[in-house]
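Subject: A structure for you to explore

Hi there,

Here is the structure I promised to pass on to you. Have a look around first, and then read my notes below.

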Amino acid sequence: MKRKQVLFEMPYFFWLAFFVIAPILLIAYQSFFNIRGQFTLGNYATYFTSATYLRMTLNSVWYAFLITLFTLLISYPTAYFLHYTKHKQLWLLLIILPTWINLLLKAYAFIGIFSQDGSVNQFLTFIGIGPQQILFTDASFLFVATYIQIPFMILPIFNAIEDLQPSYINASRDLGANNWQTFTRIIFPMTMSGVKAGVQAVFIPSLSLFMLTRLIGGNRVITLGTAIEEHFLVTMNWGMGSTIGVVLIIAMFIIMSLTGEHKKKGRKHND
């Protein structure tokens, strides 16, 4: 029985070793070499002493925080009301459907929508406001990034609300709590696991966005993902690009540890 279990687990371990652990080790190894292929710690020294890289780090964290915040503010009410609607599985499918479309295609679609001759500016011209510079702004970048990340926040929150026992809500109302008290003291705390999972699914990828920063932000939004792309594809300084990648990986592990479920050890009582 154990031999069969090991055989079934081997594909998973091979996948984990070759496509997760090996790339991380390769990036960590490459980060200790400069552009001339010499072993050095200068990449890390440059990163932590450069105002440019530290500013990019703060920008990445700030934009990831804003994207996660806006996504959460939209997704939690949506998931909550979706739970009480008829045909909720159909509505959930319609929410997931945009994730089947390639990210690049969605980015180019928003370029057409937000451009000077796009539908948004045509509407603004129709109501007398006139065309505005919408594309290549922080607002357009945050809007598109939030739109793309919404399904990944809604799904875990919706599942957490679905798993919530109705008896807890009924008991709260029987004890005299109003709707707001029931939500803040029962529903939201008991669905926090879904919120944490959604924060992980949105915040971590948002740290390393680079394609949207170019196509939608017009390089006005500079993040660590943009810097990695520049070092690997333009300056060919793979060592510095790998160093930034290592920093991002460490940041992702920190976020996962902060938003993960921590099991509390219960006290043992003697009979």
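Two residues are in contact here when heavy atoms of theirs lie within 4.5 Å of each other. Please also keep in mind that this is a predicted model.

Let's start with N43, which sits in helix α2, residues 42-49. What does N43 touch, leaving aside residues up to four places away in sequence? Its contacts are S31, F32, F33, N34, G239, M240 and T243. Is N43 buried or exposed? With a relative accessible area of 7%, N43 is buried, because anything under 20% counts as buried.

Next, a pair of helices. Two packed helices are described by the angle between their axes and the distance between the axes. For helix α3 (residues 51-83) and helix α12 (residues 224-233), the angle is about 130 degrees and the axes are 8 Å apart. The two helices, α3 and α12, are therefore oblique to each other. If you want to find the place where they meet, look for Y53, M56, T57 and S60 on the α3 side, and for L224, A227 and H231 on the α12 side. The residues of this contact between α3 and α12 comprise four nonpolar and three polar ones, with no charged residue.

Now for helix α5, which covers residues 103-114. Its twelve residues reach 16 Å from the first C-alpha to the last, close to the 16 Å expected at 1.5 Å a residue. Which residues of α5 are buried? They are K106, A107, F110 and F114. These residues are on the same side of α5, because they cover an arc of only 100 degrees around the axis. The buried residues of α5 pack against α6 (119-126), α7 (138-163) and α11 (211-215).

The buried residues of α10 are G194, V195, G198, V199, V202, F203, I204, S206 and L207. What covers them includes α3, α7, α9 (179-190), α12 and α13 (238-259).

Two loop residues are worth a stop for their backbone angles. H87 has a positive phi of about 55 degrees, although H87 is not a glycine. You will find H87 in the loop between α3 and α4 (88-96), and H87 is exposed, with a relative accessible area of 60%. The other is M236, also not a glycine, whose phi is positive and near 60 degrees. M236 belongs to the loop between α12 and α13 and is partly exposed, at a relative accessible area of 45%.

R214 is partly exposed, with a relative accessible area of 24%. How far apart in space are R214 and T226, C-alpha to C-alpha? The distance is 8.1 Å, for two residues that are twelve residues apart in sequence. T226 is also one of the residues that R214 touches, along with F136, N219, E229 and E230, not counting residues up to four places away in sequence.

Enjoy exploring, and write back with any questions!

Best wishes

Notes. Residues numbered from 1 in each chain as written. Predicted model: local features only at pLDDT ≥ 70, side-chain atom pairs only at ≥ 80, totals over all residues. Heavy atoms only, no water. Helix = DSSP H or I, 4+ residues; strand = E, 2+ residues; numbered from the N terminus. Buried < 20%, exposed > 50% of the residue type's maximum accessible area, 1.4 Å probe, protein only. Axes fitted to C-alpha atoms, helices over the stretch in contact; angles between N-to-C directions. Parallel < 35°, antiparallel > 145°, perpendicular 65-115°, else oblique. Nonpolar A, V, L, I, M, F, W, Y, C, P; charged D, E, K, R; others polar. Expected span 1.5 Å × (residues − 1). Arc of directions from axis to C-beta.
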